[in-house]
Amino acid sequence: MTAVPILKIEDLRTYFHSRSKQAFIRSVDGVSLEVMKGETLGVVGESGSGKSVTALSVLGLIGAGPGVISGKIGLKSDRIQKNLLEGLEDFVKLTTRDGKIMEVSKDVLGWERNAERVMNKVRGKEIAMTFQNPASSLNPYMPVGKQITEAIRLHTSTKTEQEAKERALSWLHRVKIDSPRLRFDHYPYGLSGGMCQRIMIAMALASEPSLLITDEPTTGLDATIQSKIVDLLGELKSELGITTMLISHDISIISQLSDSVAVMYGGTVFEYGPTKEVLSKRGNSKHPYTSALLASIPSAQNITEKRYLQAIEGDVLDTINIPEGCRFYSRCSRVMEKFRERCAGHEPDLRETGSGHKVRCWLYFD
Amino acid sequence: MTKYSQVSGEIGEFSDLPFWKKADSVDLAYVGYGLLIVTLVIVSYILGSFNLLPRDPQDINLQLMLAPPGTAGSLLGTDFMGRDMLSRLIVGIQAYFLPGLLAISMALFFGTGLGVAAGYRGEKLDTGITYFMNLVDSFPRLVLILLVIAAFKPDIYYIMLVVGLTNVPAVASLIKGKIQFLKQKNFIEADIALGVPTSTIILKHILWHNCRSVLIIRATLGMAEAILMETSLSYLGFGVQEPTPSWGNMVQSGANYFMQGKFWPSTAPALAILFTILGFHLLGDGLNNILEGKRNS
C-alpha cells in the first residue's frame with residue numbers, strides 16, 4: 001500500500017488555562033501524528049494523556065477560550081487539502097521565554113469564526129467522529145433513524161427523504177443491528193449501549209467521510225459487546241477500507257484493529273510505529289513506558305501463577321507542572337545512572353530507530 | 001392495562017405504545033377537560049367575532065332587568081340593564097383572547113431567544129442575560145401594569161404587553177436550564193462534529209425535539225395567567241371598560257345585586273373564569289405529566 005497521509009498533525013498544542021491555579025494545563029503538548037490512507041492508527045495511553053483532546057482539536061471542538069494554541073493539522077483527502085488550523089497564528093499570540101510558552105492572548109471570537117469557516121466543509125463530511133459515551137451522544141428525543149437520515153441528507157447527494165431513509169436502513173443493516181426497520185423509529189433510551197454505539201458508527205459512516213475518528217468505542221460496554229464492536233470495526237475496515245483513527249486505552253483492541261500505533265503519555269507521543277513492532281513483546285527498540293503498559297495487561301498466565309499485576313509506579317503526569325526532563329522520568333524503571341542527568345534535565349525528541357518506528361527516549365539515542 | 005414490549009437493552013424500558021396509551025388516566029382526564037375548555041373558548045371566540053350570538057350583547061331591555069336564568073330568550077338570564085348574559089359571556093372572550101395570545105407569544109418568543117443565547121453560548125452572555133432577567137423579575141408586575149395604565153391609557157393590549165414582557169424571564173430560565181441539562185449529554189457536541197449547522201442544532205435538535213413540550217405547557221399556563229390578569233384588572237376597572245363586556249367587569253357590575261338574591265349576573269362570569277382558568281391549568285399540568293413523564297419518575 002502506498003502510504004499517503006490523509007491527516008498529518010504537526011506539533012499540535014492544546015492548552016487549557018486553569019483560573020484557580022493560574023497555570024496552563026498542557027493537555028496536548030506537541031503531538032505529531034500521521035494517519036495513512038486506508039490504515040487504522042491506534043492511539044493508546046492512560047487517562048489524561050491527551051488522546052481525546054487531540055481528536056477533539058482535530059475537529060475544532062475544543063472551546064475557543066483557552067484551547068488549541070499552535071500547530072498544524074493537514075487534511076489531504078480526495079476532495080479537500082487544507083490546514084485545519086489555517087490562520088491560527090493571526091488570532092493567537094504566544095509569549096515565549098526560554099522556549100516555554102508563558103502567556104497566550106487570543107482573539108476568541110475571531111478564532112471561532114475562522115474555525116467555523118474552515119471546519120464547515122470538514123466536519124461530518126471529511127472527518128466524522130464517534131464519541132466516548134454513545135448513549136448520550138444521540139439526541140434523546142429523536143428517533144435514531146431520523147438522526148442517521150439527517151446525517152445522510154446533510155452530506156450526501158440524496159435527493160429525497162425516502163431515498164435517505166433507505167440508505168439509513170442499509171447502514172443500520174451494515175452495522176449489524178437486528179430488525180433495522182423496527183429500530184429505525186426507536187429512541188436512544190430504548191437501545192442498549194452497544195446498539196447506540198452501532199448507531200453512532202452508522203451515523204458517522206453514513207456521510208462517507210475520508211477519516212473516521214472513534215474515541216473509546218468500547219468504554220462503558222461489557223466484554224461480550226466490546227468484542228462484537230471490535231469485530232464490527234474490523235469488518236467495516238476490511239469491507240470499506242475506511243481510514244480510522246482509533247483512540248482507546250485498551251491495548252488489546254488497538255493491537256487487533258490498528259496498523260500503526262501511537263503511544264501517548266502526558267500530552268506527547270512517546271512511541272510511534274507499526275503495531276507489530278510497537279506492541280510485540282520482542283520489539284527491539286521500545287520505550288520503557290510501552291513495555292510497562294504491556295506488562296500491566298492481565299494475562300491468563302499471570303492468573304494461574306498467582307502473580308500480581310504489574311502496575312506502573314507513581315501517578316499520571318500532572319500536566320500543569322510538566323518537569324524539565326523526560327515526562328516519564330519519575331516513574332521510569334529503566335533510568336540508569338549514566339542517563340540520570342540527561343533524563344532528568346532534558347526532554348528527548350521523537351527519534352526514528354527503525355523504519356517508521358519512532359521513540360522518545362534517551363535510551364536509544366546513541 | 002399497561003403493556004410493555006420487551007427489547008434487548010438495559011437503559012430503561014421501552015414501550016412502543018403511543019404516549020396517550022402510556023399516560024395515567026387522571027392526566028388524560030385533565031387534558032381532556034382542558035381541551036374541552038380550550039375548544040369552547042375558541043369556538044366562542046369565533047362565534048363572537050362573527051356576531052353569531054343569541055342576542056345583541058349591547059341590547060338594553062328594561063322590561064327584562066335581572067331576569068333569572070331560564071327566561072325565554074335568555075338562557076343565563078339578564079343583567080341589571082336587561083342585557084343577555086350568555087351573549088355577553090361569549091363576547092367577553094374577545095377581551096382576553098387575542099391580547100392573551102399576544103402576551104404568551106411575546107413571552108415565548110423573547111424568552112426562548114434569550115434562553116437559547118444564555119444556555120447555548122453561555123459564559124459572559126449568560127451572566128449578562130441572567131442579571132437582566134433578575135432585574136425584570138424583581139419589578140412587581142401589578143405596579144408595572146398600573147404604571148403603564150397611568151402613563152398611557154387603560155388599554156388591554158398595553159396590559160398584555162407588560163404581562164408578556166414580565167413572563168419572559170420565566171421562559172428564558174426554563175429554556176436555559178433545559179439547554180444546560182442537554183449540554184451535559186454530549187449529543188450537541190456530536191452534532192457539531194457531524195457538521196450539523198448551528199441553526200439546525202438550535203431549532204431542530206434543541207427546541208423542536210427537546211423543548212416543544214415545555215413550551216406548550218408554558219403557553220397554556222401563560223394563557224391562564226393572562227386571563228386571570230385581564231379579568232382581575234377589568235374587575236378593578238383598569239382593564240376593559242364598560243359597556244364592552246369582559247368577564248371581569250361583568251362580575252364587578254353584577255356584584256351589586258348579589259345581596260338582593262340576584263346571584264347570576266356575577267356568578268355566571270365568575271364561574272366562567274374559574275372553569276376556564278382551571279381548564280388551562282389542568283391542560284398544562286396533564287400535558288406536563290404526560291409529555292415530560294413527571295408522574296412516572
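A:Thr40 stands opposite A:Thr244, a residue of strand 10 of chain A. This is a predicted model, and within it the pairing belongs to an open sheet of chain A, in which eight strands follow the order 8-9-10-3-11-12-14-13 with mixed pairing. Chain A also touches chain B, with 27 residues of chain A in contact with 20 residues of chain B.

**Strand 10 of chain A and its partners**

- Strand 3 (residues 40-44) of chain A and strand 10 of chain A run parallel and are joined by five bridges.
- Strand 9 (residues 211-215) of chain A likewise pairs with strand 10 of chain A in the parallel sense, over five bridges, and here A:Thr214 stands opposite A:Leu246.
- Between strand 9 and strand 10 of chain A the chain passes through helix 8 (residues 223-240) of chain A, and this β-α-β crossover is right-handed.
- Strand 10, which spans residues 243-248 of chain A, is mostly covered, with six of its six residues buried.

- Strand 11 (residues 260-265) and strand 12 (residues 268-274) of chain A pair in the antiparallel sense over six bridges, with A:Ser260 standing opposite A:Pro274 of strand 12.

**The side of chain A that touches chain B**

- In the contact of 27 residues of chain A with 20 residues of chain B, strand 8 (127-130), helix 4 (144-155) and helix 7 (193-206) of chain A each supply at least two residues of the side of chain A that touches chain B.
- Helix 4 of chain A gives the most to this side, with three residues.
- By class, the side of chain A that touches chain B has 16 nonpolar, nine polar and two charged residues.

**A glycine in a loop of chain B**

- B:Gly237 lies in the loop between helix 8 (198-236) and helix 9 (247-255) of chain B.
- B:Gly237 counts as partly exposed because it has 13 C-beta neighbours inside 10 Å, whereas a residue would be exposed at 12 or fewer and buried at 20 or more.
- B:Gly237 and B:Gly248 are eleven residues apart along the chain, and their C-alpha atoms are separated by 8.5 Å.

Terms used. Residues are numbered from 1 along each chain as its sequence is written. Chains are lettered from A and ligands numbered from 1 in the order in which they are written. This is a predicted model: local features need pLDDT of at least 70, side-chain atom pairs count only at pLDDT 80 or more; totals for chains, interfaces and linings use all residues. Two residues are in contact if their C-beta atoms, placed from the backbone, lie within 7 Å. Helices (H or I, at least four residues) and strands (E, at least two) are DSSP runs, numbered from the N terminus. Ala, Val, Leu, Ile, Met, Phe, Trp, Tyr, Cys and Pro count as nonpolar, Asp, Glu, Lys and Arg as charged, and the others, Gly among them, as polar. Two strands pair if DSSP finds at least two bridges between them. A crossover is right-handed if, with the strands pointing away from the viewer, the path from the first strand over the helix to the second runs clockwise.
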